Amino acid sequence: MDKLGEDFNGQDTSEPDKMTEFEDEATVSNEPLSDETEMMSFGELYEESLKPIEEGELLRGVVVQVNKENVMVDIGYKSEGRIPIQEFLDEDGNVSVEVGDELEVILERHDGELDDILLSKEKAAKIKVWEEISRIYSQDGVIEGKITSRVKGGLAVDIGVTGFLPGSQVDLRPVKDLESLVGSVFNFKILKYNKRRENVVLSRRAILEEERNRLKTDTIAEMEEGKVMQGVIKNITDYGAFVDLGGIDGLLHITDMSWGRVSHPSELFKVGDEIEVMVLRFDREHERVSLGLKQLQADPWLKAEELYPVSSKITGRVVSLTDYGAFIEVQEGIEGLIHVSEMSWTRKVRNPAKILSVGDVVECVVLSLDVPNKRISLGMKQVEPNPWDLVAEKYPVGTTIEGKIKNITDFGLFIGIDEGIDGLVHVSDISWTKRVKHPSEIFKKGDEVQAVVLKIDKENERFSLGIKQLEVDPWELIPRKFPIGSRVTGTVTNITDFGLFVELEEGIEGLVHISEAGRIKGKNLRDLYSLGDVISAKVINISVPDRKIGLSIRRLKKDEERSYMDQWSNSSQAATSSLGEQLQQALYRAEMENGGFQFGPPDEDDEDDEFESDGDDFDDEDDEER
């Protein structure tokens with residue numbers, strides 16, 4: 001007995017602790033000792049320990065010693081096995097094993113000559129994992145794993161060994177950001193495995209599809225139009241959001257999210273949000289579901305007429321700007337339009353963005369309300385009094401005002417009167433007598449000028465002014481200054497086919513119609529007269545309203561002929577001179593003074609009548625020809 005004890009690792013086998021060690025081995029193997037084993041003699045046990053062990057064999061053992069290099073494990077063999085300490089170091093370098101710990105190990109190498117037994121706990125664990133993988137795969141079960149990293153084509157998953165989760169098997173829908181799943185723990189199906197190559201392909205999608213199909217059957221069974229259901233936002237697009245109702249997805253269109261304006265569904269929701277929705281339409285055959293959220297609340301337009309009567313003042317927020325106006329959110333689901341024409345009493349607003357911005361809170365007045373078509377017309381300018389209502393009281397017609405020229409155009413001057421109100425002096429109201437081709441000939445922007453209020457058109461917001469009205473109309477004095485029948489002298493300013501225009505004084509012109517010119521036969525007016533010639537004529541007609549004076553050279557000539565005849569008959573020369581000589585002298589003087597007589601047959605209109613309209617002296621066509 002002593003000899004046997006000495007042969008067993010050089011220890012005294014008679015010590016009671018050795019029996020305990022074998023008993024522990026029986027316990028480690030989790031196999032109860034049979035009656036036969038209990039009756040085995042110490043020698044038989046020793047013989048059992050001498051049985052050969054094979055590399056790759058899976059064994060159970062107890063840690064008996066931990067040192068700096070190895071962990072010594074009693075596997076019930078004559079020699080203890082060793083496991084490199086590195087297999088027991090955690091991330092911080094701490095040893096995670098103690099004496100007495102039971103381990104499942106694999107015999108990695110056995111050197112019989114040196115009696116060195118190398119064990120591995122990690123490889124034993126992998127064998128157990130592969131056994132578990134095989135079992136789960138054959139039973140179509142699931143295995144839990146932790147996603148450890150993003151790899152090409154998918155994700156790496158720790159299930160005891162490293163498995164591969166393809167990107168297409170991560171979820172029911174493609175996942176854009178796979179990195180966000182690193183660190184997550186899920187259950188997976190095993191699609192295929194190869195122990196020799198240590199290759200395992202996993203799927204999370206298969207589990208989700210099974211769950212979805214189970215839920216889908218239950219959801220469809222209870223779904224009906226008008227039913228309110230709970231769901232989870234699964235995906236968001238530009239036109240709406242897809243809601244998982246439990247195995248079946250429904251579309252919540254952007255127009256059914258809110259009674260108010262929604263620019264993009266992401267303003268209201270994010271993926272994963274739980275919401276309550278109403279089933280609007282359900283196509284059971286094609287499994288299509290349309291959902292609504294705003295339908296859970298009453299349409300705000302139903303009370304719009306009560307809440308926003310015409311002429312009432314309201315406050316709203318600018319939600320959109322267009323070329324023609326601004327849309328104001330009065331409350332969620334109700335928007336009104338402020339047209340550009342209703343933004344200011346005095347300013348012509350061409351671009352609403354110059355006076356308003358999205359988000360501004362504005363006060364306005366309800367101008368009209370169309371509930372059936374869900375339209376409200378609003379006005380900003382109506383909040384303040386209309387300055388045009390005050391202008392007529394402040395500046396009655398006939399009032400002389402003073403202001404700066406703000407703008408000059410082809411047709412007149414704009415003069416600043418009050419804030420936002422400009423008066424127009426039309427080019428025709430600048431001067432009584434001057435022909436003004438362009439106002440810039442006389443004025444420049446910024447000049448201080450006086451003008452008279454001529455007319456106020458509040459409806460069309462027009463303020464008419466006149467500068468020439470500051471003075472008396474010189475044409476009103478013409479009948480007294482140039483009475484009909486008087487002889488006048490002036491300068492030829494224009495020669496036309498129908499007559500001569502003669503300036504009698506600055507801005508006052510008369511017309512010598514061609515029929516009153518006293519032409520020489522065979523010659524036209526341009527042969528007889530030139531611009532700048534000073535001539536005399538008789539005033540034969542005056543039209544103050546039309547600002548026209550009719551002149552006649554021919555009639556003045558006849559008057560002068562009579563005058564010479566009268567002078568001759570009363571003169572002392574009548575006795576010594578013949579009538580022919582006196583007449584010849586008179587005719588010669590008249591010719592020299594008036595540009596010559598007409599020789600030949602007398603004009604048909606040779607009577608000394610008053611000026612008649614058949615000469616068309618004052619036709620507008622004549623003025624245009626000028």
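Reply: A helix here is a DSSP run of H or I with at least four residues, and helices are numbered from the N terminus. Keep in mind that this is a predicted model.

Me: Ok, which helix holds Asp559 and Arg562?

Reply: Both lie in helix α11, residues 553-570. They are three residues apart, about one turn of the helix.

Me: How many salt bridges are in the whole structure?

Reply: A search finds 28. In general, side chains of opposite charge can pair when their charged atoms come close.

Me: What does Lys216 pair with?

Reply: Lys216 forms a salt bridge with Glu287, at 2.5 Å from N to O. Lys216 lies in helix α6 and Glu287 in the loop between β14 and β15, so the pair ties together parts that are 71 residues apart in sequence. Lys216 is partly exposed at 22% relative accessible area, and Glu287 is partly exposed at 33%.

Me: And Lys468 with Asp429, where do they sit?

Reply: Their side chains meet in a salt bridge, 3.9 Å from N to O. Lys468 is in the loop between β25 and α9, and Asp429 is in the loop between β23 and β24, 39 residues apart. Both residues are buried.

Me: Which residues are linked in a network of salt bridges?

Reply: Arg173, Arg212, Lys234 and Asp249 are linked that way.

Me: New topic. Which strands make the closed barrel?

Reply: Five strands, in the order β11-β12-β13-β15-β14, with mixed pairing. The twist averages 50° from one strand to the next. Helix α6, residues 205-222, packs on that sheet and touches β11, β12, β13 and β14. The direction of α6 makes about 135° with that of β11.

Me: Do β11 and β12 run parallel or antiparallel?

Reply: They run antiparallel, and four bridges join them. Strand β11 covers residues 228-236 and β12 covers residues 240-244. The bridge partner of Val232 is Asp244, in β12.

Me: What about the loops, where is Asp140?

Reply: Asp140 lies in the loop between α5 and β6. Its phi is near 55°, a positive value in a residue other than glycine. Asp140 has 53% relative accessibility, so it counts as exposed.

Me: Which residues make the nonpolar surface patch?

Reply: Val66, Leu89, Val95 and Val99 make a patch of about 300 Å². Leu89 sits in the loop between β3 and β4, and at 37% relative accessibility it counts as partly exposed.

Me: Last one, what are the totals for the protein?

Reply: The secondary structure comes to 13 helices and 30 strands. Of the 626 residues, 39% are buried. The protein exposes about 36,500 Å², and carbon and sulfur atoms supply 46% of it.

How values were computed:
Residues numbered from 1 in each chain as written. Predicted model: local features only at pLDDT ≥ 70, side-chain atom pairs only at ≥ 80, totals over all residues. Heavy atoms only, no water. Pairing = 2+ DSSP bridges. Helix = DSSP H or I, 4+ residues; strand = E, 2+ residues; numbered from the N terminus. Axes fitted to C-alpha atoms, helices over the stretch in contact; angles between N-to-C directions. Contact = heavy atoms within 4.5 Å. Buried < 20%, exposed > 50% of the residue type's maximum accessible area, 1.4 Å probe, protein only. Areas by Shrake-Rupley, 256 points an atom, 1.4 Å probe, with all protein chains shown as cover. Patch = residues over 30% accessible without salt bridge, like charges linked within 9 Å, V, L, I, M, F, W, Y side chains within 5 Å. Salt bridge = Lys/Arg side-chain N within 4 Å of Asp/Glu carboxyl O.
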